[in-house]
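Look over the sequence and the model before reading on.

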Amino acid sequence: MPHVTPFDSSPASHLPILQRIYSDTLHRNPGEPEFHQSVHEVLTSLAPALSAHPEFTETGLIERMIEPERQIIFRVPWQDDSGKTLVNRGFRVEFNSTLGPYKGGLRFHPSVNLGVVKFLGFEQTFKNALTGLNIGGGKGGSDFNPRGRSVEEVMRFCQSFMIELHRHLGEHTDVPAGDIGVSSREIGFLFGQYRRITNRWEPGVLTGKGREWGGSEARTQATGYGSVLFLEQMLKMRGEDLDGQRITVSGSGNVAIYSIAKAQELGAHVITASDSDGYVIDEKGINLELLKQIKEVERGRISAYPSRQGGSARYVPTGCVWNVPADAALPSATQNELDSAAAATLVNNGVKAVAEGANMPTTPDAIHVLQQAGVAFGPGKAVNAGGVAASALEMQQNSGREIWAFDQVEEELAAIMCRIHNTCYETANQYGAPGDYVVGANIAGFERVAAGMLAQGIV
Ligand code: NDP
């Protein structure tokens, strides 16, 4: 687990409360380092809000927020192509429904465990609050590894997963979407199985669906597009724009691909992409069509890119993209992928902004290094909120049986991202931490959930 700093920035009067809540969190949730890390990050930001709102420490509000409303763990048995029976573990953590139905993606990756799902669900609660829309927080997934599995195996797994999950879903209850390892293909298999079990065509129970069967235009693009729109606002505050900026991106999945697409559209020069095996540098700029062909169509590895792109690109099987000098960086793969050494390298190479496309990709120490060096740092719960915001727009279309045009969704997304940015920026100013998007995002998200919880009583 990355090093976690003490609550040294909190006004003295709140130190004991925050420390006790954090100690209780460690005690009650053993062996869940990612969850501890996400709770710690939020708690370290809260002191100014607690001073302004003494009611936020009453009725166990923070303690209730840290405890998920419901945690579902289930067996997922399925058969591989040889007929062998395998067993995975499924999770759905319904974290907080104060502001709306539980909303958050499903992740299929061997690293998934209860602590990872809880960290993602906790983050999601504040992220969803930041969108200003009526969505609560939840997250789920499985330790199933789709890598190397046939389409039939993935389908059988999804069908078995839904046999248990379906009883917990509902357009007013819990509405999952995709995440790592779950794209529109898996959402299709899950939706088909839900329809078969329930005999109901209820598009509002899942988002990220195909366009022809209840999905929304621009949902596929939304997280990546939104991340870049947030980065654009961060640069604007420093009197700059994206045109001509040299940008490094990690990952080559949904978030990375559509971040690259939007950054290029806005004139930036994106030079890297990666997967869990290595990364590519292309000084001519990433060839988006080739990247999409390799990763989306062929579901191949990033190592295939240089030979098909020609001389401008090379593959690096070790190290990380953060060694490559850049004006701005978009970590868009997974949690804790950017550590303090990588942050120091970025700073030495003159980075101006880091915006988290992924969830919690930057370790606490690395955030500290970046902020101390005056780098603008955008936390994932704000930067990548465009995905869930577009999912909420998909739910809105589903409930009205409407189909909106791509431009309409994109326009709404742009307005939402601008609003989230401004909320974070202004909240940070209001609480005496100008330019600190971590404080701004945590307090603004927390305040909205807290106000709702206080109004709704002890539930
Ligand atoms: P994808 O599965 O589409 O892509 C994930 C990418 O990250 C792949 O390139 C994958 O490489 C790489 N990756 C995954 N795990 C690791 C690892 N342990 N080490 C190195 N690389 C890794 O997922 P998404 O693009 O959807 O998600 C990426 C991040 O964005 C996640 O943190 C997710 O929670 C977050 N996010 C996603 C949203 C969405 O709408 N999709 C919304 C908001 C946040 P490989 O192929 O080798 O595994």
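The mean positions of the 40 positive and 51 negative charges of the protein chain lie 6 Å apart. Lys and Arg count as positive, Asp and Glu as negative; His and the chain ends are not counted. Each charge is placed at NZ of Lys, CZ of Arg, CG of Asp or CD of Glu.

This is a predicted model: local features need pLDDT of at least 70, side-chain atom pairs count only at pLDDT 80 or more, and totals for chains, interfaces and linings use all residues. Residues are numbered from 1 along each chain as its sequence is written, and side-chain values use heavy atoms, with hydrogens and water left out.

**Overall form**
- The protein chain holds 16 helices and 13 strands. These are DSSP runs numbered from the N terminus: helices (H or I, at least four residues) and strands (E, at least two).
- The C-alpha trace spans about 60 × 55 × 40 Å along its principal axes.

**Burial and contacts**
- Of the 459 residues, 57% are buried, meaning under 20% relative accessible area (1.4 Å probe, protein chains only).
- Among contacts (heavy atoms within 4.5 Å) between residues at least 6 apart in sequence, 71% join residues at least 24 apart.

**Helix H5**
- Buried residues of H5 include Glu 153, Val 154, Phe 157 and Cys 158.
- The buried residues of H5 pack against several elements, among them strand S1 (70–79), strand S4 (136–142) and helix H6 (184–198).

Note on methods: Buried means under 20% relative accessible area, exposed over 50%, partly exposed in between (1.4 Å probe, protein chains only).
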